[in-house]
There are 2 protein chains.
Amino acid sequence: MSSVIPVTLPHTAYEIVITSGCLPQLGEYLNHLKLGQKILVISNPEIYDYYGDIVVNSLIKSGFEVYTHLIPPGEPYKTLDSIAQIYDIAFKNRLERASTMLALGGGVIGDMTGFAAATWLRGINFIQVPTSLLAMVDASIGGKTGVNHPQGKNLIGAFYQPRLVFIDPLVLKTLPVREFRAGMAEVIKYGVIWDQDLFNQLETQKELDTLENLEKEFLQTIITRSCQAKVDVVSQDEKESGLRAILNYGHTLGHAIESLTGYNTINHGEAVGMGMIAAGKIAFKLGMWTEKESQRQDKLIEKIGLPITISSSLNIADVLESLQMDKKVKAGKVRFILPTEIGKVIISDRVSAELIEGVMQELI
Amino acid sequence: MSSVIPVTLPHTAYEIVITSGCLPQLGEYLNHLKLGQKILVISNPEIYDYYGDIVVNSLIKSGFEVYTHLIPPGEPYKTLDSIAQIYDIAFKNRLERASTMLALGGGVIGDMTGFAAATWLRGINFIQVPTSLLAMVDASIGGKTGVNHPQGKNLIGAFYQPRLVFIDPLVLKTLPVREFRAGMAEVIKYGVIWDQDLFNQLETQKELDTLENLEKEFLQTIITRSCQAKVDVVSQDEKESGLRAILNYGHTLGHAIESLTGYNTINHGEAVGMGMIAAGKIAFKLGMWTEKESQRQDKLIEKIGLPITISSSLNIADVLESLQMDKKVKAGKVRFILPTEIGKVIISDRVSAELIEGVMQELI
C-alpha cells in the first residue's frame, strides 16, 4: 500500500510519500530530486539507534556522501544553540547550496533541521523523514520550521518547504505509546476541522489507544487522510494569513498549557487534546456547536487514551496571561478556532476571558 | 528631485524611494503600508545620534508605537548573538506578526535587522532605511539578510524582502570618506556589469573621491541608476540561481581578501575594488576583455580614491584556500564573474588557481 500526495505551492512543489516499509528505499527516491552529493542527516540518538543504519546505508548505496549529527531528544534542546551547532557541522563538512539537510526524527528534529536548512547559506535542500505520528501528520508538512525562545515556543523560525516528505508508517512500531496517542490527537483534529469521514472512521473503530490495535491499512489511511487535510489547508494559505489558522484548533489553549507546564509534564498532543475539549465546550456555550457533537469529540479523545482533565496545579490566571503571548495574537485579541459541526470550524476573536476561565474550571 | 523604483517579485512587491531630504517624512510613507502599530527601530549608536530623533519623531507623529535597539557598529557584531538580543527585545515588547522591524544604518544593521525580521514569529514586516552609500545601492536591495558565522561571512541568513526601502541621499553627509568610497566601488560595479551609460557618466566626472565633489543631482542619479541595475538583476533571479551571480563581480576575490584581513583592515568596498581589478586582469589574460577597457575600469577605481594594490601581507595560498569556502562554490568549482565589455559580464568556472595566483602577484 502506497500513497503519494502532491503539494503544490505558489513557488515550489513537492511530494509526500507514504509507504509501509519504504525506509530502505530512501536513497532511490532522493536520486530523482537532483540534489548535490552531500547530505547531513540530523537525528536524535534514540531514533538514530533504530533507523540510522538503514537510512545511511540507503543513502550511501545511492551515491550520497553522508554526514550525521545527533541532538539529544526533546524540547529543551530546540534552541538557537542547537542550530548554531548544526551550522558548525555544516561549515566543517563544507555543505554547499546544492547540499541537503535531512531530518530523521520527530517534530523537534524536523523543526530544527528545517530552520538550519532554511538559514544555512540562505537556504539549502531539506528532506523530512518523520518518525513519530505527530511529525508524520502535522509537523513535517506545511513548511513551518523553527526553535523555541527561552520565553516561548516556536517564536523563532521561518517558512521553508522540504523537497520531499518520506513517511514509512512501520517505523511507528518503536514509538512510545504516549507519543502515539499525542499523534492521534492531531488525527482527531483533522476529523473535527476538515474531514468528517475521517472522524466517522475513527469513531467506528473499536480500539484506538495503541498502535497494535490498528490494522496496517487503517493506519495508512488515517495518516494519508490527515496529511491530505493539512495539505489542502496549507496549499491555500502557505504563510498563515487566513485559513491556515484553523490548523490551530485546540492549540491556542494547548500552547498555553504546554508552556506553563514547561513542555515536559504534558506533551503537545495531550495539551492539544485538552485544548480541543475546551474549545468544543466554548463553542457549545456560545451556541455554535451542539452538545451531542461536542461529546462525540470528547469521547473520541478519551478513546485514544488521552487525558481529558486539566491538572489542578495549573493556575488559570497564568493561562490567560500566557494566551496574550501567542504568536497568533492580533492587536491584543486572542483568536480561537471553534467547531460548528464535525468537519467544520470558524475563527473567532470574541471569546471572553471569563468564558475561557469558566470552561477551564469545568475541566479541572 | 525624487525617484521611485518599483520592485516586482513573484510573490511580493515593494518600492525604493530615493528623495533628498525625505527622512522626516518616513512616518507618512509607512502609513500607506498598513503595518501594525509597533515598530522596533534597530540602529547603531553613531547613526542613531545623527538620525534617531528625526526617524523616531516622524514615526511617533504618524501614530506608531516606537521601540529602539542599538547594536555597536561593525562586522564583529554581525553575529547570531546580536540576533538573539533582538529576539529578546522583540519578546519583551511583544512584537506581533503585524509589527515591524526597521533598519536605520548601513549594511550590517540592514542585514541583521532583516534576518531578525525574517525569523521572528517566522517573519514580520521589515523596512530598510539605509544610511551608507553601500547599503543604499547594494545591501538594502534584493532581500539578502543574515549574519556571519565565526568562520565565514554571511553564511547564516535568509532571503527576505523589505516592505519599503527609503533612501535619503542627504544623510550621506555624515558618512566617513572611506565608506563613501567603498560605496562608490559598487556604483562602478553596476557600470561594468550592467549599465554602460552609468560607467560613462562616472568617467566624465572630474572628481569622484569625496561626496563634496558630487553635485546633488549627480548623486541622486548614480544612486537611482545603481538601485535600478540591482533591481533589474534581482527581479529576474530572486534566489540567486543564475543571473544574480553577476552582482558578485569583484566579490569572489573580494570576500576572500576581507575574510583573511579579519573584516576590518580592508573594508568591503575596498576589497571589491581589488576584486574587480583582479577579475578585469583575469578576463584580459583569458582574451575575453580588451586591455584598454580593463584599464578604463582600473582608472575609475583609482579616481574614487580606492586602493589599487593588495597588501603584501596577504598570503596568496590562504586566498586560494578561502575561495573554496565561498557560498557560491558549486561542486568545488569557484565561479568568477568576468567582463567582456563595459556593461557586460559572463559567469565562468574555468579560472585556474595558477591564473588567480599570477594576477594577485601583479597586484601586490
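**Domains and binding site**

Modeller: Start with a salt bridge: A:K230 pairs with A:D138, and their closest N and O atoms are 2.6 Å apart. Keep in mind that this is a predicted model.

Colleague: How many salt bridges are there between domain 1 of chain A and domain 2 of chain A?

Modeller: The count is 2. Polar contacts across that interface come to 8 residue pairs, both partners at pLDDT 80 or more.

Colleague: Which elements give two or more residues to the domain 1 side?

Modeller: In chain A they are β1 (2-9), β2 (12-19), α5 (133-139) and β8 (152-159). β1(A) gives the largest share of that side, 7 residues.

Colleague: Back up a bit. Where are the domain bounds in chain A?

Modeller: The domain assignment puts domain 1 at 2-174 and domain 2 at 177-363. The contact draws 35 residues from domain 1 of chain A and 30 residues from domain 2 of chain A.

Colleague: What separates the centres of the two domains?

Modeller: 26 Å, taken over C-alpha atoms.

Colleague: And how much area do they bury between them?

Modeller: About 2,800 Å², with 64% of it on carbon and sulfur atoms. On the domain 1 side, A:L133, A:V137 and A:K153 lose the most area to domain 2 of chain A. Together they make up 22% of what that side buries.

Colleague: New topic. Which residues does the UniProt "binding site" annotation cover?

Modeller: A:E186, A:H251 and A:H268, according to an unreviewed UniProt entry. They span 83 residues in sequence, but no two of their C-alpha atoms are more than 10.1 Å apart, so they gather at one spot.

Colleague: Take A:H251. Buried or exposed?

Modeller: A:H251 is buried, at 5% relative accessible area. That is under the 20% cut-off. The residue lies in helix α9 (residues 251-260) of chain A.

Colleague: What does A:H251 touch, beyond residues up to four places away in sequence?

Modeller: A:D138, A:E186, A:K189, A:H268 and A:V272. A:D138 is also the salt-bridge partner of A:K230.

Colleague: And A:H268, buried or exposed?

Modeller: A:H268 counts as buried, with 16% relative accessibility. Helix α10 (residues 268-285) of chain A holds this residue.

Colleague: Which residues is A:H268 in contact with, leaving aside neighbours within four places in sequence?

Modeller: A:L134, A:K153, A:E186, A:H251, A:H255 and A:E258. Two of the annotated residues, A:E186 and A:H251, are in that set.

Note on methods: Residues are numbered from 1 along each chain as its sequence is written. Chains are lettered from A and ligands numbered from 1 in the order in which they are written. This is a predicted model: local features need pLDDT of at least 70, side-chain atom pairs count only at pLDDT 80 or more; totals for chains, interfaces and linings use all residues. Side-chain values use heavy atoms; hydrogens and water are left out. UniProt positions are given in the numbering used here, feature names are shortened, and annotations may be inferred rather than shown by experiment. Helices (H or I, at least four residues) and strands (E, at least two) are DSSP runs, numbered from the N terminus. Buried means under 20% relative accessible area, exposed over 50%, partly exposed in between (1.4 Å probe, protein chains only). Contact means heavy atoms within 4.5 Å. Domain bounds come from an automatic or database domain assignment. Buried area is the accessible area (1.4 Å probe) that two parts lose on being put together, summed over both. A salt bridge is a side-chain nitrogen of Lys or Arg within 4 Å of a carboxyl oxygen of Asp or Glu. A polar contact is a pair of N or O atoms within 3.5 Å; within protein, one must be able to donate a hydrogen and the other to accept it, and residues adjacent in sequence count only if both atoms are side-chain atoms.
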